[in-house]
Amino acid sequence: MTEDDLAELAIEARDRAYAPYSAYRVGAAMVTEDGEVFVGANVENASYGLSVCAERNAAMRMALDGGKAPRILVVATQSSPPGSPCGSCRQVLLEFADDPRKLKVVAINTAGEKQSWTLAELIPAGFTGKQLG
């Protein structure tokens with residue numbers, strides 16, 4: 001699965017997002033080291049705190065299906081420049097990344113703009129289960 005393939009899946013997911021309050025649709029597509037693909041979209045709620053981001057939906061699908069070692073996450077947003085994952089999403093991604101330096105995060109938008117980072121760059125010195133002993 002190429003980054004371009006993931007971008008197409010993320011855009012398709014973005015188009016299916018449930019965002020009646022913010023109208024800010026986000027889609028995400030993630031591939032693991034084993035080539036498994038997991039897709040998510042943001043799902044809003046009238047009680048905003050209960051909304052779930054696209055990136056977390058993709059990560060939860062991966063966890064529920066037994067996927068491991070995410071390697072590329074493509075996030076499709078509407079904004080310019082493309083939006084990076086929020087702090088909550090970064091923390092959840094860190095939970096499932098075997099090595100945050102190996103998870104590439106790519107943000108794209110409808111204008112063709114693209115930005116990319118590693119998860120380690122997005123959440124340096126992140127808190128993990130290692131600190132819990």
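Student: Is asparagine 45 buried, partly exposed or exposed?
Tutor: Asparagine 45 is partly exposed, because its relative accessible area is 30%. Here buried means under 20% relative accessible area, exposed over 50%, and partly exposed in between, with a 1.4 Å probe and protein chains only. Please note that this is a predicted model, in which local features need pLDDT of at least 70 and side-chain atom pairs count only at pLDDT 80 or more, while totals for chains, interfaces and linings use all residues. Residues are numbered from 1 along each chain as its sequence is written, and side-chain values use heavy atoms, with hydrogens and water left out.

Student: Where does asparagine 45 lie, and which residues does it touch?
Tutor: Asparagine 45 lies in the loop between S2 and H2. Helices (H or I, at least four residues) and strands (E, at least two) are DSSP runs, numbered from the N terminus. Not counting residues up to four places away in sequence, asparagine 45 touches Tyr21, Leu50 and Ser51, where contact means heavy atoms within 4.5 Å.

Student: Which residues of H2 are buried?
Tutor: They are Ala54, Glu55, Arg56, Ala58, Ala59 and Met62. The cover over the buried residues of H2 includes S1, strand S2 (37-41), S3 and H3.

Student: What about alanine 63, buried or partly exposed?
Tutor: Alanine 63, which lies in helix H2, counts as partly exposed because its relative accessibility is 35%.

Student: At what angle do H2 and H3 pack?
Tutor: The angle is about 20°, and the axes are 9 Å apart. Axes are lines fitted to C-alpha atoms, for helices over the stretch in contact, and angles run from 0 to 180 degrees between N-to-C directions. H2 is therefore roughly parallel to H3; angles under 35 degrees count as roughly parallel, over 145 as roughly antiparallel, 65 to 115 as roughly perpendicular and the rest as oblique.

Student: Which residues make that contact?
Tutor: H2 contributes Glu55, Arg56, Ala59, Met60, Met62 and Ala63, and H3 contributes Ser88, Cys89, Val92, Leu93 and Phe96.

Student: Let us change topic. How many residues are in the largest nonpolar core?
Tutor: There are 19 residues in it, and Met30, Leu73, Leu93, Leu103 and Leu119 have the most contacts inside it. A nonpolar core is a set of buried Ala, Val, Leu, Ile, Met, Phe, Trp, Tyr and Cys residues joined through side-chain atoms within 4.5 Å.

Student: Which elements supply it?
Tutor: At least two residues each come from strand S1 (27-32), helix H2 (54-64), strand S3 (70-77), helix H3 (87-96) and helix H4 (119-122). H2 gives the largest share, four residues. There is also a second, separate core of 14 residues, with Ala10, Ala17, Ala29 and Val74 among them.

Student: Now the backbone, please. Which peptide bond is cis?
Tutor: The bond from serine 80 to proline 81 is cis, with omega near -5°. Proline 81 sits in the loop between S3 and H3.

Student: What is the phi of alanine 23?
Tutor: Alanine 23 has a positive phi of about 60°, although it is not a glycine. Its place is the loop between helix H1 (3-16) and S1.

Student: And alanine 125, buried or exposed?
Tutor: Alanine 125 counts as exposed because its relative accessibility is 83%. This residue is in the segment after H4, and its phi is also positive, near 55°.
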